[in-house]
Amino acid sequence: MPGQPEAPAIAIAALTKRYGATTAVDNLSISIPTGAIFGLLGTNGAGKTTTFKCALGLARPSAGTVRFGGEPLQPKMFESMSYMPERPALYDWMTGAQHVEAARRSFTRFDRERARELSDLFGLDLRKGVGKLSKGQQSALGLVLAFSIRPEILVLDEPSSGLDPVHQRHVLDLMIDAAAGGATVVFSSHQIGQVERAADRVAVLHRGKLVLEGIVEDLKAQEKIVEATFEGDAPTIAALDGNPSVRHLMRQGRLLRAYVRGSGDGVVAVIQAASPTSVRILDQNLEDIFLVAVGGN
Amino acid sequence: MPAIFTVDPHTGVPIYLQLIEQVKRSVALGVLAPGERLPTVKQLATDLTINPNTVARAYRELERDGVIETSVGRGSFVRQNGAGDAAAAALSDVASSAVDAAVREAKSLGLKKSQLREIFHHALERWYSSDGDVKEREN
């Protein structure tokens with residue numbers, strides 16, 4: 001396309017956050033284009049929440065920068081930004097309706113009609129005090145507020161925790177609807193299936209470090225498993241150890257499995273030379289890819 | 001509009017490729033007629049609960065392959081001319097890659113060429129009549 005490339009909606013560059021001796025986020029760089037749904041995956045304590053907090057100015061980074069549309073975070077940007085922490089910041093002594101009213105006063109773009117629609121969607125009784133709502137209903141209220149301000153940027157930390165499967169699907173639908181309307185959505189989830197459905201981009205954090213990032217569809221196309229069986233125990237193949245396209249090797253009895261980046265053809269050729277009884281190439285879904293990335297497979 | 005396409009996000013096959021194949025199949029089989037309007041990107045993304053950019057990517061490739069055309073503001077349509085041919089050609093690619101995968105699998109299981117030839121022969125006998133036409137479909 002001609003002209004200047006548009007600045008990414010969110011650009012995190014060399015972000016590091018230390019708490020004492022612990023490095024929660026380690027030299028993280030991520031660029032998120034406008035209109036993307038960006039899924040952040042990682043095991044507990046991987047640094048997802050810290051990343052969100054640093055990005056939104058709720059925690060001071062030890063190093064690094066975060067830019068929105070090419071500019072550093074400024075107060076006026078909060079008008080069109082929604083952040084939903086894993087435990088939404090709600091007051092027990094206020095009703096849902098009072099929270100809606102408070103949000104309406106703080107956000108000029110707040111859409112009251114939308115808030116009503118979304119409350120119905122989640123079966124939420126706005127007259128109830130927050131203290132009387134279940135955890136799932138509190139999450140739902142957080143989501144109603146987050147989506148009713150018609151944000152350009154949405155940052156959702158585990159948005160569907162505590163929700164039933166039907167309401168979880170609503171959350172995905174809302175994210176998709178927002179992105180189709182040009183908003184940029186960033187969310188974390190432990191449910192890889194949600195990321196696989198709704199996200200076009202994904203990043204995997206592990207112990208504060210970025211271990212994998214890319215377009216979900218491209219990762220699926222690029223990451224393969226080459227599986228081979230042998231007459232006896234699977235041999236050690238030296239050429240595989242140094243092979244840059246091999247991410248991970250698994251040897252179990254007569255079975256050899258190589259998790260590879262790329263078509264797998266090169267690795268097949270290397271394995272063929274060791275006279276296996278069979279070789280095949282398997283696809284990987286996002287869960288497989290995630291587990292290899294965090295070394296859990 | 002009923003969702004005529006379905007996708008399985010939880011496989012290793014990219015969703016946009018699943019969509020492309022289904023649109024081509026629908027066009028080649030006449031389920032989608034020339035000139036027929038496709039759901040908008042937003043509509044299809046919402047119907048299937050998948051990412052809008054993924055749908056847009058499928059549509060871009062379908063346009064490049066001459067199966068659909070998109071006019072700004074009006075939406076995407078099955079092409080009037082040549083969409084069927086383009087889709088049929090693409091389906092022949094789908095068939096070849098399916099056969100290729102089957103042959104690769106047979107080879108990986110240690111079958112000899114002659115054994116595979118026999119299997120293939122039986123399959124042809126089963127599904128095609130002797131003059132080479134497609135047998136009536138058994139559903």
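**View 1. Helix 1 of chain B passes helix 4 of chain B in a left-handed crossing.** This first stop is in a predicted model, as are all the views that follow. On the helix 1 side of chain B, the contact is made by B:E21, B:K24, B:R25, B:V27 and B:A28. Helix 4 of chain B answers with B:A83, B:G84, B:A87, B:A88, B:A90, B:L91 and B:V94. Sorted by class, the residues of this contact are 8 nonpolar, 1 polar and 3 charged.

View 2. Two packed helices are described by the angle between their axes and the distance between the axes. For helix 1 and helix 4 of chain B, the axes come within 8 Å and cross at roughly 125 degrees. Because of that angle, helix 1 of chain B counts as oblique to helix 4 of chain B.

**View 3. Strand 1 and strand 2 of chain B form a hairpin.** Strand 1 (residues 68–71) of chain B runs antiparallel to strand 2 of chain B, and 4 bridges join them. To find one of these pairings, look for B:S71, whose bridge partner in strand 2 of chain B is B:G75. The hairpin has 3 residues between its strands, and B:G73 takes a positive phi near 90 degrees.

**View 4. Side chains alternate along strand 2 (residues 75–78) of chain B.** In a regular strand the side chains alternate between the two faces of the sheet.

**View 5. Chain B meets chain A through 23 residues of chain B and 26 residues of chain A.** Helix 1 (15–28), helix 2 (41–48), helix 3 (52–64) and helix 4 (83–108) of chain B each supply at least two residues to the side of chain B that touches chain A. Helix 2 of chain B gives the largest share of that side, 4 residues. By class, the side of chain B touching chain A has 10 nonpolar, 10 polar and 3 charged residues.

**View 6. In chain A, 4 strands build an open sheet in the order 2-1-4-5, with antiparallel pairing.** Strand 2 (22–32) and strand 5 (71–72) of chain A stand at the edges; each has a single partner strand, so one side of each is left without a neighbour in the sheet. Strand 1 (residues 10–19) of chain A is joined to strand 2 of chain A by 7 bridges. Along this pair, A:L15 stands opposite A:L28.

**View 7. Helix 1 of chain A lies across strand 1, strand 2 and strand 4 (63–68) of chain A.** This helix runs at about 115 degrees to strand 1 of chain A. Is helix 1 (residues 48–55) of chain A mostly covered or uncovered? It is mostly covered, with 8 of its 8 residues buried; A:F52, A:C54 and A:A55 are among them. After helix 1 of chain A comes A:G57, with a positive phi near 80 degrees.

**View 8. A:A14 and A:S275 have positive phi values although A:A14 is not a glycine and A:S275 is a residue other than glycine.** A:A14 sits in strand 1 of chain A, and its phi is about 50 degrees. A:A14 counts as exposed because it has 12 C-beta neighbours inside 10 Å, and the cut-off for exposed is 12 or fewer. A:S275, with phi near 50 degrees, lies in the loop between helix 9 (265–272) and strand 14 (278–283) of chain A. With 10 C-beta neighbours inside 10 Å, A:S275 counts as exposed too.

Conventions
Residues numbered from 1 in each chain as written. Chains lettered and ligands numbered in written order. Predicted model: local features only at pLDDT ≥ 70, side-chain atom pairs only at ≥ 80, totals over all residues. Contact = placed C-beta atoms within 7 Å. Nonpolar A, V, L, I, M, F, W, Y, C, P; charged D, E, K, R; others polar. Axes fitted to C-alpha atoms, helices over the stretch in contact; angles between N-to-C directions. Parallel < 35°, antiparallel > 145°, perpendicular 65-115°, else oblique. Left-handed = near helix turned anticlockwise from the far one by under 90°. Buried ≥ 20, exposed ≤ 12 C-beta atoms within 10 Å, placed from the backbone. Pairing = 2+ DSSP bridges.
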